[in-house]
Amino acid sequence: MSEATKPQPQAKGEKTPISDTSYVGIDAILEQMRRKAMKQGFEFNVMVVGQSGLGKSTLMNTLFKSKVSRKSVQPNVEERIPKTVEIKSVSHDVEEKGVRMKLTVIDTPGFGDQINNENCWQPIMKFINDQYESYLQEEININRKKRIPDSRVHCCIYFIPPTGHCLRPLDVEFMRHLSKVVNIVPVIAKADTLTLEERDSFKKTIREELRANGIDVYPQKEFDEDAEDRMINDKIREMTPFAVVGSDQEYQVNGKRILGRKTKWGTIEVENIAHCEFAYLRDLLIRTHMQNIKDITCSIHYETYRVRRLNESNILFTSNPPDHPTVQPKANGQPEEQPATPQPNGVAAQHEALSHEM
Amino acid sequence: MQYPYAMRDLPLMSHSGEQHQRPGHYGAEGIGSPINGRHLSLPGTPSLVRTIPFHPRGSPAVPPRHNHMGLDPEFQQLPLRRQIVSQVSLDSPLSPSMRPRSPWGRFDPYDSPEDQDKEYVGFATLPNQVHRKTVKKGFTFTLIVAGESGLGKSTLINSLFLTDLYKDRKVLNAEERISRTVAIIKHTVGIEEKGVKLRLTIIDTPGFGDAVNNTESWRHIDDYIDQQFEQYFRDESGLNRRNIQDNRVHCCLYFISPFGHGLRPLDVDCMRALHEKVNIIPVLAKADSLTPAEVCRKKMKIREEIKQFGINIYQFPECDSDEDEDFKTQEQILKNSIPFAVIGSNVQVESKGRKFRGRVYPWGVVEVENPAHSDFLLLRNMLVRTHMQDLKDVTREIHYENYRAQCIQNMTRMVVLERKRSLREKYRDGSEADFPLPLAVADTEKERLIYEKDEELRKMQEVLERIQEQMQHSHRGGC
């Protein structure tokens with residue numbers, strides 16, 4: 001008797017006989033992948049943006065339960081406000097349960113702190129695009145590295161001050177410009193100044209304004225892959241922006257040691273979902289959606305950048321003297337048109353143009 | 001009660017050599033080891049971060065560690081548990097009060113009871129998150145079989161993957177075969193097991209080695225492999241990279257006839273032509289025509305000849321020092337079994353109350369899956385259960401990269417030559433009437449500079465080629 005064409009999946013819990021006739025073992029490939037992933041380790045780059053004093057560094061430390069941000073790393077913290085927006089990034093190797101991760105926290109001191117804040121997002125945009133550019137250059141290199149170091153910004157956490165009214169023009173401008181190039185996760189900082197009702201109405205207002213301005217924050221509706229994803233992400237979208245409280249001090253509450261803020265009228269527990277939404281943010285960023293965030297950065301934001309760059313360099317190239325004397329005269333400024341020469345020429349042209357600009 | 005500052009103080013990441021990383025912009029550092037290096041070395045992590053070899057209870061251990069076919073007795077508990085956990089996760093996708101839990105319950109790293117009370121950040125669920133995406137997408141694997149007719153290639157493929165790809169095959173007789181050239185036939189089959197989808201493509205090469213004059217009968221195979229690389233290269237360099245199909249050939253099973261004395265000239269030439277482009281796994285076909293001693297002798301002879309002729313067959317990756325002994329001995333057994341002596345069968349026989357695939361002879365029954373009878377199990381485990389990912393990695397990182405580097409060099413050289421030629425003409429003639437397009441800036445000085453730069457480029461290209469040759473040379477010697 002010959003075998004059926006496709007083996008059926010094993011009934012759950014059944015032990016396979018010694019000479020099993022219908023089990024090839026391809027699910028072991030998952031195990032192979034996981035071993036490889038564990039060996040290689042992961043990378044995650046997160047950027048924090050917001051005015052000074054909103055608790056950005058504290059929140060990062062709380063998220064990763066260690067002193068990962070700039071403030072904790074510098075020996076003497078100067079409280080000066082820089083004249084322009086600076087970009088400072090700090091990297092750490094963290095490990096948990098055998099999984100290694102290189103975590104990079106990128107801080108932006110000076111954002112929104114000046115008197116005139118026009119274009120203060122530009123250094124940030126430039127930084128993000130520079131990371132894409134360096135990845136692109138690595139990718140088109142002739143001799144590429146086996147694993148290109150990923151310094152692209154995967155996620156940008158934007159801190160909204162808890163005014164309780166609405167988004168400020170600066171917030172709207174920043175998010176509008178940057179939601180197209182990076183995943184933005186807005187959070188309401190220092191949310192312990194808002195009561196629950198104020199918090200809900202503030203959130204609603206913010207969501208309205210985001211929608212009105214066409215700002216798409218993470219998780220973006222258009223990138224939901226299937227119904228299951230959409231269900232999960234809809235729940236998250238209803239809670240955006242998360243109202244968070246950060247803390248690096250531990251207190252004893254009900255016999256347990258927890259992170260919190262102690263005041264005369266009570267103790268705010270950071271990880272208590274009745275008090276603030278820090279736990280939701282942590283779950284989103286780390287436990288469930290980290291890979292998804294990275295994927296969207298790699299496959300959508302980075303690809304958008306790449307396509308734009310390739311088109312730009314195509315325009316550059318086609319305005320040079322043509323390399324093929326037999327090419328028909330073509331009108332200037334048509335970047336999408338492929339010349340009569342086959343694609344390999346275009347690819348080579350890309351490589352030349354892009355690497356000459358290095 | 002107030003507790004003092006209790007934050008973990010992480011050591012800063014340091015380069016090998018650098019002591020203290022100032023909190024400036026962290027420069028990217030790459031894996032500097034040459035492409036030949038098979039070690040997946042970590043990007044410069046210091047020994048401060050210690051790897052804990054991770055052996056959770058109930059994990060689907062890689063089968064060779066325990067037994068070939070069966071699974072861990074604990075493994076059967078996992079599928080049941082999976083259902084329950086995934087239910088919970090779907091209802092409350094964000095369950096912050098509970099300990100970290102992977103979203104769909106597969107292989108939870110935080111499950112052991114001693115972890116219940118500890119505080120975790122939670123990113124050890126990352127490998128599971130990665131898996132989820134790939135499980136949804138499914139895997140692909142492409143395999144090419146090469147060898148003369150009648151060596152049992154089709155039977156072996158059917159046995160390996162438990163498929164029936166060759167149901168309606170018509171075997172040609174000698175006359176019909178005379179005028180045939182080597183054809184390339186692709187069979188694709190989808191296999192699903194335990195929720196994992198694999199799209200398997202088998203490329204058959206009927207007619208290989210059949211003709212009277214077999215010179216360059218591997219040409220078609222060579223071209224096919226190159227075509228796949230080229231297609232992938234174009235897709236990768238194109239503008240829309242969303243759904244690239246990976247048709248690159250990951251592995252070539254080369255069938256060696258058991259009736260000769262080791263490798264024949266056709267075998268040597270074909271393998272030499274293909275060894276830089278694809279992972280070659282030599283297989284000793286129809287091993288049931290040999291006694292164990294003969295098998296051993298033949299294997300040794302073939303191994304010697306492979307070394308003698310400088311054929312780079314697929315090398316198993318080196319074991320890490322922290323792998324357990326079991327794993328290492330398994331790898332050693334694999335290495336000593338090349339070429340795999342295999343027997344295939346599509347027929348189920350019954351003997352001594354058991355049913356199995358085998359071949360019935362008057363003098364006994366050969367069992368396909370009996371490790372004492374053949375290396376079939378070794379081959380299947382290696383191909384599917386333990387080394388599939390590595391085969392794909394080597395194809396992607398070494399063979400494809402070599403192809404790509406060569407391709408780019410050839411193309412840029414062509415482009416540069418063309419441009420230089422046209423420039424040289426113009427420069428010499430001094431007339432501008434040839435160009436259909438008016439130049440942006442009619443500047444002879446600039447053009448002369450361009451011309452000189454192109455000369456420099458050409459010299460750099462030559463240097464690059466020389467380096468490329470050296471790299472390939474060392475790659476050939478090392479791999």
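Trainee: Before we start, what are the ground rules for numbering and confidence?

Mentor: Residues are numbered from 1 along each chain as its sequence is written, chains are lettered from A and ligands numbered from 1 in the order in which they are written, and side-chain values use heavy atoms, with hydrogens and water left out. This is a predicted model, where local features need pLDDT of at least 70, side-chain atom pairs count only at pLDDT 80 or more, and totals for chains, interfaces and linings use all residues.

Trainee: What pLDDT does chain A average, and where is it below 50?

Mentor: pLDDT is the predictor's confidence in each residue, from 0 to 100. In chain A, 78% of the residues score at least 70. The pLDDT is below 50 over residues 1–20, a stretch with 40 contacts (heavy atoms within 4.5 Å) beyond near neighbours in sequence. Residues 320–345 of chain A are also below 50, with 30 such contacts, and the chain average is 77.

Trainee: In what order do the 6 strands of the open sheet in chain A run?

Mentor: Helices (H or I, at least four residues) and strands (E, at least two) are DSSP runs, numbered from the N terminus, and two strands pair if DSSP finds at least two bridges between them. Strand 2 (88–96) and strand 6 (242–243) of chain A each have a single partner strand, so one side of each is left without a neighbour in the sheet. The pairing is mixed, and the order is 2-3-1-4-5-6.

Trainee: Which residue of strand 4 of chain A is the bridge partner of A:Val49?

Mentor: Strand 1 (residues 42–49) of chain A pairs with strand 4 of chain A in the parallel sense over 4 bridges. Strand 1 of chain A also runs parallel to strand 3 (residues 99–107) of chain A, joined by 7 bridges, with A:Phe42 partnered by A:Met101. Back in strand 4 of chain A, the partner of A:Val49 is A:Tyr158.

Trainee: And which residue of strand 5 of chain A is the bridge partner of A:Ile160?

Mentor: Strand 4 of chain A and strand 5 (residues 183–188) of chain A run parallel, joined by 6 bridges. In strand 5 of chain A, the partner of A:Ile160 is A:Ile188.

Trainee: How many residues of strand 4 of chain A are buried?

Mentor: Buried means under 20% relative accessible area, exposed over 50%, partly exposed in between (1.4 Å probe, protein chains only). One side of strand 4 of chain A has A:Cys155, A:Ile157 and A:Phe159, the other has A:Cys156, A:Tyr158 and A:Ile160, and both faces are covered. For strand 4 (residues 155–160) of chain A, the count is 6 of 6.

Trainee: Is A:Asp150 buried or exposed?

Mentor: A:Asp150 sits in the loop between helix 4 (122–140) and strand 4 of chain A. Leaving out residues up to four places away in sequence, A:Asp150 touches A:Glu43, A:Asn45, A:Tyr135 and A:Cys298. Its C-alpha atom is 7.0 Å from that of A:Tyr135, 15 residues apart along the chain. With a relative accessible area of 10%, A:Asp150 is buried.

Trainee: Over to chain B: at what angle do helix 3 and helix 9 of chain B pack?

Mentor: Axes are lines fitted to C-alpha atoms, for helices over the stretch in contact, and angles run from 0 to 180 degrees between N-to-C directions. B:Leu156, B:Ser159, B:Leu160 and B:Phe161 in helix 3 of chain B meet residues of helix 9 of chain B, including B:Phe376 and B:Leu379. The axes of helix 3 (residues 153–161) and helix 9 (residues 376–386) of chain B are 10 Å apart, and the angle is about 65°.

Trainee: Why is helix 9 of chain B described as largely enclosed?

Mentor: The buried residues of helix 9 of chain B include B:Arg380, B:Asn381 and B:Arg385. Helix 9 of chain B is largely enclosed by the rest of the structure because its buried residues number 11 of 11.

Trainee: Which residue of strand 9 of chain B stands opposite B:Val360?

Mentor: Strand 8 (residues 354–361) of chain B is joined to strand 9 of chain B by 4 bridges, and they run antiparallel. The two form a hairpin with 2 residues between them. B:Gly358 stands opposite B:Glu367, and opposite B:Val360 is B:Val365.
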